[in-house]
Amino acid sequence: MSGVNDLRAPIPGMPSADLAPPVIAESGDPFSALRVVDLVARLPRGRPIALSAIVDRLNATYLDWLFEPRVVADALIQLQSNWLSDYRNSSGIVLEEGPAGTTLTIEDSSRVDPWIARQAQRLASECAAILDDFSRQQRRTGAD
């Protein structure tokens, strides 16, 4: 009886099986939020940035993901809420509506970077826990 350890060479003309399906970012999903926070960590500080520009950058960076403005706004609102909870002021993460639409301004201070890193670490831990849980789920063995 042979096993699957003795695989043949790939057949000529076979396409790559490493394709990933597109992902539609969802509100409340730590995988989506982590990508938003990762970008926020690299945005300029102390000046307003259009939400539409943030959405465009996310969609250009993660070509296999689709980020809608409401999902990005939800992740930013959660960040703003976390800031308010931690620092009891609204100056760190500011979302404002203006004539050109919603903008995000991030405080230009030394406390922002470590705080954002902690937010990203928390989200990465949530992602790891979800992946760990997925890998431990019971799998069908084929026997009914």
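Start by selecting G92, which touches W83, T105, I106 and E107, leaving out residues up to four places away in sequence. The model on screen is a predicted one. G92 sits in the loop between helix 3 and strand 4. Is G92 buried or exposed? Its relative accessible area is 0%, so G92 is buried.

Is R88 buried or exposed? R88 has a relative accessible area of 68%, and because the cut-off for exposed is over 50%, R88 counts as exposed. Look at the backbone here too: phi of R88 is near 60°, a positive value in a residue that is not glycine.

T105 belongs to strand 5. Its relative accessibility is 18%, and since buried means under 20%, T105 counts as buried. Show the residues around it: apart from neighbours within four places in sequence, T105 is in contact with G46, R47, P48, G92, I93 and V94.

**The largest nonpolar core**

Now select V40, I54, V72 and L76. The largest nonpolar core has 29 residues, and these four touch the most other members. Which elements give two or more residues to this core? They are helix 1 (30-42), helix 2 (51-61), helix 3 (69-87), strand 5 (101-106) and helix 4 (112-136). Colour helix 3 separately, as helix 3 gives the most to the core, with 7 residues.

**Helix 1 against helix 3**

Two packed helices are described by the angle between their axes and the distance between the axes. Select helix 1 and helix 3, which pack at an angle of about 70° with their axes 10 Å apart. Helix 1 and helix 3 are therefore roughly perpendicular to each other. Their crossing is right-handed. To see the contact, show A33, V36, V37 and V40 of helix 1 together with V72, A75, L76 and L79 of helix 3.

**Helix 1 against helix 2**

The axes of helix 1 and helix 2 come within 11 Å and cross at roughly 115°. Helix 1 and helix 2 are therefore roughly perpendicular to each other. Helix 1 passes helix 2 in a right-handed crossing. Show the side chains at the contact: R35, V36 and L39 in helix 1 meet I54, R57 and L58 in helix 2. The residues of this contact divide into 4 nonpolar, no polar and 2 charged.

**Helix 3 against helix 4**

For the last pair, select helix 3 and helix 4. Their axes come within 12 Å and cross at roughly 120°. Are helix 3 and helix 4 parallel, perpendicular or oblique to each other? The range for roughly perpendicular is 65 to 115 degrees; helix 3 and helix 4 are therefore oblique to each other. Helix 3 passes helix 4 in a right-handed crossing. On the helix 3 side, show L79, N82, W83, D86 and Y87, and on the helix 4 side V112, W115, R118, Q119 and R122, which together make the contact. The residues of this contact divide into 5 nonpolar, 2 polar and 3 charged.

**Last stop: D132**

Stay on helix 4 and select D132, which has its place in this helix. With a relative accessible area of 33%, D132 is partly exposed. How many Å separate the C-alpha atoms of D132 and I93? They are separated by 31 Å, and the two residues are 39 residues apart along the chain.

Note on methods:
Residues are numbered from 1 along each chain as its sequence is written. This is a predicted model: local features need pLDDT of at least 70, side-chain atom pairs count only at pLDDT 80 or more; totals for chains, interfaces and linings use all residues. Side-chain values use heavy atoms; hydrogens and water are left out. A nonpolar core is a set of buried Ala, Val, Leu, Ile, Met, Phe, Trp, Tyr and Cys residues joined through side-chain atoms within 4.5 Å. Buried means under 20% relative accessible area, exposed over 50%, partly exposed in between (1.4 Å probe, protein chains only). Helices (H or I, at least four residues) and strands (E, at least two) are DSSP runs, numbered from the N terminus. Axes are lines fitted to C-alpha atoms, for helices over the stretch in contact, and angles run from 0 to 180 degrees between N-to-C directions. Angles under 35 degrees count as roughly parallel, over 145 as roughly antiparallel, 65 to 115 as roughly perpendicular and the rest as oblique. A crossing is left-handed if the near helix is turned anticlockwise from the far one by less than a right angle, and right-handed if clockwise. Contact means heavy atoms within 4.5 Å. Ala, Val, Leu, Ile, Met, Phe, Trp, Tyr, Cys and Pro count as nonpolar, Asp, Glu, Lys and Arg as charged, and the others, Gly among them, as polar.
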